[in-house]
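Dear colleague,

I am handing over the structure below. My notes on it follow.

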Amino acid sequence: MKPFDYAAPKTIEEALALLHNPVRILAGGTDLLIELRKPQSTPPQTVVDISHLSVLHGITDEGETIRIGPLTTHAEIERSAFIQRHAAMLSSSAANIGSPQIRNRGTVGGNIMNAATCADTVPPLVALDATVTLRSDAGARTLSLSELFVAPYKTVARSDELLTDIR
């Protein structure tokens, strides 16, 4: 693996300030670590570890809307009685991702932002009309999940934006 700097911001604002350099976001890390180990990969200047930002974590009942923090793991979605009751297809898709180790570490936000064609949580989220909020120093924008994707492994997210909300 090629060398890179590591940053673990304590707030979203600190994370956003770091996104002005060539960086890669570390949330669960299940895809990032594989990519960084490839001999042909170009290492980022910095890996920004957002995994400890508790504000980006959890499942919340907001009446007519379910809020899922992008750091919520597949295992948490799979086991959530609330998700099982109100979005069963999302719970089922999370239950079928990889191995238990991957489900315990991998995040729904990583699954979305990697834009992989095999992203198991994306089809049920699109079917549920999910929206995502991308935030930068300049502000936030919310778009439907289906608008986020451009091509396999490519989204409309700018390099200075961080996924902060899934609804």
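**Charges and overall form**

The chain carries 15 positive and 18 negative side chains, and the centres of the two sets are 6 Å apart. Here Lys and Arg count as positive and Asp and Glu as negative, with His and the chain ends not counted; each charge is placed at NZ of Lys, CZ of Arg, CG of Asp or CD of Glu.

Please note that this is a predicted model, in which local features need pLDDT of at least 70 and side-chain atom pairs count only at pLDDT 80 or more, while totals for chains, interfaces and linings use all residues. Residues are numbered from 1 along each chain as its sequence is written, and side-chain values use heavy atoms, with hydrogens and water left out.

There are nine helices and 10 strands in the chain (DSSP runs numbered from the N terminus, H or I of at least four residues for helices and E of at least two for strands). The radius of gyration is 15 Å, close to the 15 Å of the globule rule for 167 residues, so the chain is as compact as a globular protein of that length (taken over C-alpha atoms; the rule is 2.2 Å times the number of residues to the power 0.38). Along the principal axes, the C-alpha atoms fill a box of roughly 45 × 35 × 30 Å.

Of the 167 residues, 44% count as buried (under 20% relative accessible area; exposed is over 50% and partly exposed lies in between, with a 1.4 Å probe and protein chains only). The accessible surface comes to about 8,700 Å², and 53% of that belongs to carbon and sulfur atoms (Shrake-Rupley method, 1.4 Å probe; for residues, only the protein chains shown count as cover). Among contacts with a separation of 6 or more, 59% are between residues 24 or more positions apart (contact means heavy atoms within 4.5 Å).

Thr 121 counts as buried because its relative accessibility is 0%. Its side chain makes a polar contact with the side chain of Asn 111 at 2.5 Å (a pair of N or O atoms within 3.5 Å; within protein, one must be able to donate a hydrogen and the other to accept it, and residues adjacent in sequence count only if both atoms are side-chain atoms). Beyond four places in sequence, Thr 121 touches residues including His 74, Leu 90 and Val 108.

Ala 115 lies in the loop between helix 7 and helix 8 and is buried at 5% relative accessibility. Its phi is near 55°, a positive value in a residue other than glycine. Ala 115 and Phe 149 are 34 residues apart in sequence, but 6.8 Å apart C-alpha to C-alpha. Phe 149 is among the residues that Ala 115 touches, as are Pro 152 and Tyr 153.

Asp 129, in the loop between helix 8 and strand 6 (131–136), has a positive phi too, near 60°. Asp 129 is exposed, with a relative accessible area of 63%.

Thr 133 sits in strand 6 and counts as buried at 14% relative accessibility. The side chains of Thr 133 and Thr 142 make a polar contact of 2.9 Å.

Regards
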